[in-house]
Amino acid sequence: MGEKKMEWAQNCITSGFQALEQILQHTAGRYCVGDEVSMADLCLVPQVANAERFEVDMGPYPTITRINKALLELEAFKITHPSRQPDTPAELRA
């Protein structure tokens, strides 16, 4: 990607989050699909971590932000967060 890596990542993440935010308006409870953790939630946390890594403005995605915050309150999500993995580059570690 070279010099365009940041821009490319932001465009991809933003495109996906725009669609997901609309879908979550119909499916979300405490989490992505109601009030029980689902596969969608397992995918959400790492994607939000990528969004933060690539400096995506999360302002337009209040539902995604709310759900991610709720998920990160759960111990399983805290200990498996991408920033806590053994192969995470030092500059991205928690």
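Biologist: Which residues form a nonpolar patch on the surface?
Modeller: Val37, Met39 and Leu42. Keep in mind that this is a predicted model.

Biologist: How much accessible area do Val37, Met39 and Leu42 have together?
Modeller: About 290 Å².

Biologist: Take Leu42. Where is its place?
Modeller: Leu42 is in helix α2, which covers residues 39-53.

Biologist: Is Leu42 buried or partly exposed?
Modeller: Partly exposed. The relative accessible area of Leu42 is 45%. Buried would need a value under 20%, and exposed one over 50%.

Biologist: Switching topic. What does the secondary structure of the chain come to?
Modeller: The protein chain has 4 helices and 0 strands. Along the sequence the pattern reads α-α-α-α.

Biologist: And how does the radius of gyration compare with the globule rule?
Modeller: The protein chain has a radius of gyration of 14 Å.

Biologist: What does the C-alpha trace span along its principal axes?
Modeller: About 40 × 30 × 20 Å.

Biologist: What share of the residues count as buried?
Modeller: 29% of the 94 residues in the protein chain.

Biologist: Among contacts between residues at least 6 apart, what share join residues at least 24 apart?
Modeller: 66% in this protein chain.

Biologist: Now His81. Where is it found?
Modeller: His81 lies in the segment after α4, the helix of residues 75-79.

Biologist: Is His81 buried or exposed?
Modeller: Buried. Its relative accessible area is 14%, so His81 falls under the 20% cut-off.

Biologist: Which residues is His81 in contact with, leaving aside neighbours within four places?
Modeller: Val45, Ala49 and Leu72.

Biologist: What does the side chain of His81 make a polar contact with?
Modeller: The side chain of Ser83, at 2.8 Å.

Notes:
Residues are numbered from 1 along each chain as its sequence is written. This is a predicted model: local features need pLDDT of at least 70, side-chain atom pairs count only at pLDDT 80 or more; totals for chains, interfaces and linings use all residues. Side-chain values use heavy atoms; hydrogens and water are left out. Helices (H or I, at least four residues) and strands (E, at least two) are DSSP runs, numbered from the N terminus. Buried means under 20% relative accessible area, exposed over 50%, partly exposed in between (1.4 Å probe, protein chains only). A polar contact is a pair of N or O atoms within 3.5 Å; within protein, one must be able to donate a hydrogen and the other to accept it, and residues adjacent in sequence count only if both atoms are side-chain atoms. Contact means heavy atoms within 4.5 Å. Patches are made of residues with over 30% relative accessible area and no salt bridge: like charges are joined within 9 Å, nonpolar side chains (Val, Leu, Ile, Met, Phe, Trp, Tyr) within 5 Å. Accessible areas come from the Shrake-Rupley method with a 1.4 Å probe; for residues, only the protein chains shown count as cover. A salt bridge is a side-chain nitrogen of Lys or Arg within 4 Å of a carboxyl oxygen of Asp or Glu. The radius of gyration is taken over C-alpha atoms; the globule rule is 2.2 Å times the number of residues to the power 0.38.
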